[in-house]
Amino acid sequence: MWNRFNQPIAIVASAFVAASSLAMSDTAMAARQRNYTPIEMRSVLRGLGYNVVVKNGPLTDAATKKAIRDFQTHYDLSADGTAGPRTQDLAATIMGILQANLNLVVKPNPLLSRNQFYGPQTEAAVKLYQQKSQLQQTGIANLALRQKLDKEAEQLVSQPTPKPRKSTTPTPRATPTPTSTPTPRATPTPTSTPTPTPTSTPTSTPTPTSTPEATPSPTATPTPSPSPK
């Protein structure tokens, strides 16, 4: 299904997707605080880019009813031209998303209250975003601007949180507890095994060998034995 901006309804509703990405403490998307007064409803419609004059009085004039119908058509509501509960709930939700995204991307000071109203602070934050994006500073957050803002907010949310730097103060190291060195035990000196004293073997008295009797030699000229010197 396409709308008059030649955008499919799925894309038009991207504001709802952005909301789920944001860390919002109150789901503000939350139910609206109360019913809009006629001037408040017209302010929201004008601030979101619908052609209506902000004024008091019943929301029954032709221009206001057309603006409400256009808003309902773009968000797939029953386009009856009356600001019933569902229409007001949707307007409050879109405002909560817009204000949350402006807080994230533009960081106005002070930050915007995430409420259902398109007041002077929200308009000023939109102008800051338009200035940052080099757009005409109308203070009107039309559909094209909201889609652009949604994407930037989603990119910021998806970035990893930077880790804190390590402290320059060195962390004192634990003093190691000295390990007691075991005292080496004295190596026992091996006890010398007494060498057994050999028992003296009685020396046997040699049995005298009988001197053989000289065999008588043939008679020869005897050679004189040398005399000792």
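The expected span of a helix is 1.5 Å times one less than its number of residues. I note this before turning to the helices. The model I am reading is a predicted one.

**Entry 1: overall layout**

I looked up the secondary structure. The protein chain has seven helices and zero strands. Along the sequence I read the pattern α-α-α-α-α-α-α. The protein chain has 229 residues, and 33% of them count as buried. I then looked up the surface. The accessible surface of the protein chain is about 16,600 Å². Carbon and sulfur atoms hold 56% of that surface. Residues 24 or more positions apart account for 49% of them.

**Entry 2: helix α4**

I checked the length of α4. This helix has 13 residues, and its first and last C-alpha atoms are 18 Å apart. That is close to the 18 Å expected at 1.5 Å a residue. Next I listed the buried residues in α4. They are Thr64, Ala67, Ile68, Asp70, Phe71, Gln72 and His74. An α-helix has 3.6 residues a turn, so residues three or four places apart point the same way. After α4 comes Asp76, with a positive phi near 60°.

I picked out Ala62, also in helix α4. Is Ala62 buried or exposed? Ala62 is exposed, because its relative accessible area is 64%, and the cut-off for exposed is over 50%. Gly81 is 19 residues away, and the two C-alpha atoms are separated by 9.3 Å.

**Entry 3: helix α5**

I ran the length check on α5. Its 21 residues should span 30 Å at 1.5 Å a residue, and the end C-alpha atoms are 30 Å apart, so the two agree. I looked up the cover next. α5 is mostly covered, with 17 of its 21 residues buried. Just after α5, Lys107 has a positive phi of about 55°.

Gln88 sits in helix α5. Gln88 has 8% relative accessibility and therefore counts as buried, since buried means under 20%. Which residues does Gln88 touch, not counting those up to four places away in sequence? I found Arg32, Arg34, Asn35, Tyr36, Met41 and Ala83.

**Entry 4: aromatic pairs**

I counted the ring pairs. The structure holds three aromatic pairs. I began with Tyr36 and Phe117. Their ring centres are 6.0 Å apart and their planes stand at 85°, so I call the pair edge-to-face. Tyr36 lies in the loop between α2 (14-21) and α3 (38-47), while Phe117 lies in the loop between α5 (85-105) and α6 (120-132), so the pair ties together parts 81 residues apart in sequence. Both Tyr36 and Phe117 are buried.

I moved on to Tyr50 and Phe71. Here the ring centres are 5.8 Å apart with planes at 85°, so this pair is edge-to-face. Tyr50 is in the loop between α3 and α4 (62-74), and Phe71 is in helix α4, 21 residues apart. This pair links distant parts of the chain. Tyr50 counts as buried because its relative accessibility is 7%. Phe71 counts as buried because its relative accessibility is 1%. I also looked for a cluster. Ring pairs link Tyr50, Phe71 and Tyr75 into one.

**Entry 5: the nonpolar core**

In soluble globular proteins, nonpolar side chains tend to be buried together. I looked up the largest nonpolar core here. This core has 34 residues. Which members touch the most other members? They are Tyr36, Leu45, Leu48, Phe71, Leu98 and Leu102. The elements giving two or more residues to this core are α3, α4, α5, α6 and α7 (143-158). The largest share, eight residues, comes from α5.

**Entry 6: a spot in helix α6**

I ended with Ala124, which lies in helix α6. Its relative accessible area is 39%, so Ala124 is partly exposed. Gly139 is 15 residues from Ala124 in sequence. In space the two are 6.5 Å apart, C-alpha to C-alpha.

Technical notes
Residues are numbered from 1 along each chain as its sequence is written. This is a predicted model: local features need pLDDT of at least 70, side-chain atom pairs count only at pLDDT 80 or more; totals for chains, interfaces and linings use all residues. Side-chain values use heavy atoms; hydrogens and water are left out. Rings of Phe, Tyr and Trp (its six-membered ring) pair if their centres lie within 6.5 Å; planes under 30 degrees apart count as stacked, over 60 as edge-to-face and the rest as tilted. Helices (H or I, at least four residues) and strands (E, at least two) are DSSP runs, numbered from the N terminus. Buried means under 20% relative accessible area, exposed over 50%, partly exposed in between (1.4 Å probe, protein chains only). A nonpolar core is a set of buried Ala, Val, Leu, Ile, Met, Phe, Trp, Tyr and Cys residues joined through side-chain atoms within 4.5 Å. Contact means heavy atoms within 4.5 Å. Accessible areas come from the Shrake-Rupley method with a 1.4 Å probe; for residues, only the protein chains shown count as cover.
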